[in-house]
Amino acid sequence: MKDWWQETFPKGRQSLIITDANGYPVKIAYGEKGTGKPLFLLHGVGSWSYNWRHSVEPLSKNFRVICFDAKGYGFSEKPVFRREQPGHQIIELERVIVSLCDEPVVLVAESLGALIALGLAQANPQLIARLVLVNVPIFPQQLPHWGMWLLSQLPLEIVQAIDSSRLAHLFAPLVREIMAIERRGVLYDPSILTQDDVYWITYPYTEIPGTLTKVAEELQIAAREIEHLQTNKPSFISKLQNNLGAVTCPTLILWGEQDSWFPASDGEKLRQRLPDAKLQILPNCHHDASTGASEAVNAAILNFLQETNFC
């Protein structure tokens with residue numbers, strides 16, 4: 001199997017060291033392609049840079065496209081013995097951007113990544129020139145998938161034992177089959193998912209210890225946050241909701257019309273609460289828009305950046 005990083009980026013997979021939210025150095029994997037103004041592509045929970053495989057080449061014709069794996073995901077470092085706090089990704093996203101760029105960036109982010117992007121736009125707005133949010137869980141009611149719920153309920157010690165024993169590697173064909181079924185469930189047209197896609201989507205789980213543990217930890221944080229939100233307790237998400245007026249940069253909200261995880265009506269609700277936002281509904285699109293509606297997503301991004309004079 002050809003190395004996806006080498007096939008996609010001129011310099012293949014690169015790395016940088018940042019200080020994470022806990023104050024420790026961590027190695028972050030990234031790739032970049034193209035020249036011009038910087039455009040970051042940020043993945044969602046359980047994913048990594050590969051989720052943007054259909055966007056790197058088209059967008060790199062006009063921009064310096066940078067994909068990176070958030071801490072704990074993909075090929076980035078996974079400090080499994082250090083526990084995370086809600087919102088740690090915002091601090092780490094900021095440090096990645098500052099390390100790689102010296103000017104405001106376009107930030108394109110999907111699902112949980114889009115929630116983190118909203119947080120950064122509130123905390124450090126001068127870093128972001130334009131914001132594109134894809135199917136962002138800003139008004140969640142529950143974890144949207146049974147597998148997520150299950151991982152959020154298991155003690156991390158048990159998940160870590162499963163992870164460190166390399167069971168996913170031993171049963172890699174089964175893991176790939178299960179992942180293929182689940183990934184097809186968030187695609188409007190399941191047939192577009194290839195065997196190569198399944199191999200690379202599951203690669204961090206089967207080949208890189210610590211991946212399952214860190215994803216489970218993030219899901220446990222998310223479950224607690226949603227519970228606090230539903231019971232009107234202070235939470236990271238409610239703080240983001242209450243501060244949406246601070247997101248002043250031009251923003252494009254993209255939402256899959258058939259997204260069953262987070263309804264498209266949430267997109268309209270978000271648009272109304274952002275000072276400078278446009279909503280575009282993507283027809284024939286489920287939650288995984290970066291894969292399932294990549295052509296429409298790429299076209300919408302380029303049109304938005306042209307309309308807001310950023311090209």
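Author: On a 1 Å grid over the protein atoms alone, a cavity is a set of points where a 1.4 Å probe fits but cannot get out, and its lining residues have an atom within 4 Å of a point. The model is predicted, so local features need pLDDT of at least 70 and side-chain atom pairs pLDDT 80 or more, while totals for chains, interfaces and linings use all residues. Residues are numbered from 1 along each chain, and side-chain values use heavy atoms, without hydrogens and water.

Reader: What makes Leu 112 a lining residue of the largest cavity?

Author: Leu 112 is one of 26 lining residues, so by the definition it has an atom within 4 Å of a cavity point. Leu 112, Leu 115, Pro 137, Glu 218 and Ala 222 lie nearest the centre, and the cavity holds about 330 Å³, a volume being the space filled by probe spheres set on the points, which are joined across faces, edges and corners.

Reader: Which helix gives the largest share of that lining?

Author: The largest share, 6 residues, is from α10, a helix being a DSSP run (H or I, at least four residues) numbered from the N terminus. Together with α10, the elements α3, α4 and α11 each supply at least two residues.

Key: On a 1 Å grid over the protein atoms alone, a cavity is a set of points where a 1.4 Å probe fits but cannot get out, and a pocket is an open set with protein on both sides within 12 Å along at least five of seven lines; lining residues have an atom within 4 Å of a point.
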